Amino acid sequence: MSTTRVQSKATAPEIVGSGSEAAESAPRRVHVVTFGCQMNKYDSLLAEGRFRRAGYATTDRMEDADVVLFNTCSVREHAEERTFSWLGELKRVKAERPDLVVGVMGCMAQRVGEEIFSRAGHVDLVAGTRQFASLPALVGDVLAARNAGDRARVVALGMDDDLAVDRAGEPWAGGSHAWLTVMRGCDLNCTYCIVPSVRGRVLSYPIDHLVREARGYVEQGARAITLLGQTVNSYGEDVPAPSAGERRWSGRQGRPGLADLLRELQQVDGLARIRMITAHPSYVTEALAEAIRDCDKVERFLPLPAQSGSDAMLRAMKRGYTVDLYRRRMEMLRARVPDIELASDWIVGFPGESDADFDASEAFLAEQAFAVNYVFKYSPRPGTGAAERLADDVPEEIKKERNQRLLRASERSGLQRNSAHVGATRRVLVDGLSDRGEGVVLGRTEHGLAISLKGEADLVGRIVEVRVESASAYGLTGTLQTYPQD
Ligand code: SAH
Ligand code: SF4
Ligand code: F3S
């Protein structure tokens, strides 16, 4: 017999059973497969931490796992199709090992909900984007039902139960780099985008909490931290303004802002680099520009997706700025940080995009000379404003051609920006070993540009001075000038 426990989207899940049966002598092992953006990577670590706290072990090998969880993405149709094909692979494994628990969590789980069962009948659990605290208990539900001879299917899509999740001690993955989600959700409403509906309203974590979390990673060995948010520079906008007598920050009406967080993190001993993903043009303030200027740990690199260089498209996308406004914000930013490098995302083939609209994107990419670009073909997402109201009228062939053209424009721009660094000496944080061969390490300059150089494993996690020798469209090569100073 099969039962489905469905919790409504509006309410927190009712936890039936507990994860305690997992804490028997040989711990059950969990393996998490992550799709999607960096926020999902952070969330996967958070989920793994929840399982360890509940007495599970985590494993990197799917073959060894008793519980396999897919942390999924919904941003384009392709992302969902890829997940379903991975899930399909597991069907055979599950047929051989019926004890296996298969769970789907994250953005696609939130969007598709229990319909996942009809496309992938071997799935046992569907958990949304704010269910971390409940995950071990939800797996416990599946196991408890099985023990009772039942085939349980558990669905938990409540959006309000992880708001106070204690992240202390998690989710550092080892190595020299740590992710740090500073805010969840998105309060904007770009017409093509599924994220607000699957990730919910913005929640910014308190500054002192984030600084503590960052210190914890550094104590464990992290040297670089990437601050994550869908609109990371709107950090703090959702926090109530301080009342009389409370500390006033640099944000709107004294609210905390990303600039304050950067300045606080600059003070963390042992932290060498601070990165940010992803900024939104509407929240590029003087306070932020000045914090980037003043804090030498903060990379001079900002991902600031323009999406299009056509005002008509930006309006239809409801991005909240015009080309000219974007341009003026960048002038303000470059006046304070003249050497800042920018990255952008672009959507080609948005409904109604004419040749002239596309040409405007190509021209704007060249004008702003973005060092790094990600180009996406428009993919209608069910339930979004664009999918509901606008016909997906740019033929696939034209989308492909525009995609290729913009990638070529991106290569020209990347080569131009990277070439400007040749001959200079840059401070490089070495991130890891190259898999191209022995004796080569990879890192990032203080401008966030990828660089490779000759070096050994002892350089990983260190800041070194490197002379930039050559540039390609995608990165730099250099030679080591001084051994680590720090
Ligand atoms: N919060 C970020 C981006 C989040 S999604 C921002 O506002 O810029 C990452 C990128 O995926 C977006 O920048 C956009 O370029 C692309 N994207 C989002 N929805 C899409 C869709 N429906 N079709 C094609 N690309 C999309
Ligand atoms: Fe999506 Fe726009 Fe929010 Fe970015 S800012 S996550 S594109 S709605
Ligand atoms: Fe995908 Fe969700 Fe990130 S839709 S891009 S995993 S926020």
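The crossing of α8 and α9 is left-handed, a term used when the near helix is turned anticlockwise from the far one by less than a right angle, with right-handed used if clockwise. This is a predicted model, in which local features need pLDDT of at least 70 and side-chain atom pairs count only at pLDDT 80 or more, while totals for chains, interfaces and linings use all residues. Residues are numbered from 1 along each chain as its sequence is written, chains are lettered from A and ligands numbered from 1 in the order in which they are written, and side-chain values use heavy atoms, leaving out hydrogens and water.

Helix α8 covers residues 258–266 and helix α9 residues 286–294; they pack at an angle of about 15°, with axes 8 Å apart. Here helices (H or I, at least four residues) and strands (E, at least two) are DSSP runs, numbered from the N terminus. Axes are lines fitted to C-alpha atoms, for helices over the stretch in contact, and angles run from 0 to 180 degrees between N-to-C directions. The two helices are therefore roughly parallel to each other; that label applies to angles under 35 degrees, with over 145 counted as roughly antiparallel, 65 to 115 as roughly perpendicular and the rest as oblique. On the α8 side, Leu258, Ala259, Leu262 and Arg263 meet Ala287, Leu288, Glu290, Ala291, Ile292 and Asp294 of α9, where contact means heavy atoms within 4.5 Å. This contact has seven nonpolar, no polar and three charged residues. In this scheme Ala, Val, Leu, Ile, Met, Phe, Trp, Tyr, Cys and Pro count as nonpolar, Asp, Glu, Lys and Arg as charged, and the others, Gly among them, as polar.

Helix α9 also packs with helix α11 (residues 323–336), at an angle of about 30° and with the axes 9 Å apart. That makes α9 roughly parallel to α11, and the crossing of this pair is right-handed. Glu286, Ala289, Glu290 and Arg293 in α9 meet Met332, Leu333 and Arg336 in α11, giving three nonpolar, no polar and four charged residues. Elsewhere, the axes of α1 (residues 38–53) and α5 (residues 135–147) come within 8 Å and cross at roughly 65°. Ala47, Arg50 and Phe51 of α1 make this contact with Leu135, Pro136 and Val139 of α5.

Next come the ligands. Around ligand 2 are Cys186, Leu188, Cys190, Tyr192, Cys193, Val195, Pro196, Gln230, Thr231, His280 and Arg319, a residue being near a molecule or strand if one of its heavy atoms lies within 4 Å of it. This shell has seven nonpolar, three polar and one charged residues.

The model holds 10 aromatic pairs, meaning rings of Phe, Tyr and Trp (its six-membered ring) with centres within 6.5 Å, called stacked if the planes are under 30 degrees apart, edge-to-face if over 60 and tilted for the rest. One of them joins tryptophan 346 and phenylalanine 370 edge-to-face, at 5.6 Å centre to centre and 80° between the planes. Tryptophan 346 lies in strand β14 (residues 341–348) and phenylalanine 370 in the loop between α12 (355–368) and β15 (372–377), so the pair ties together parts that are 24 residues apart in sequence.

Some details of the backbone complete the picture. The peptide bond from isoleucine 277 to threonine 278 is cis, with omega near -10°, and threonine 278 lies in the loop between β12 (273–277) and α9. Glutamine 253, in the loop between β11 (224–228) and α8, has a phi near 50°, a positive value in a residue other than glycine. Glutamine 307 likewise has a positive phi, of about 70°, and is found in the loop between β13 (301–303) and α10 (311–317).
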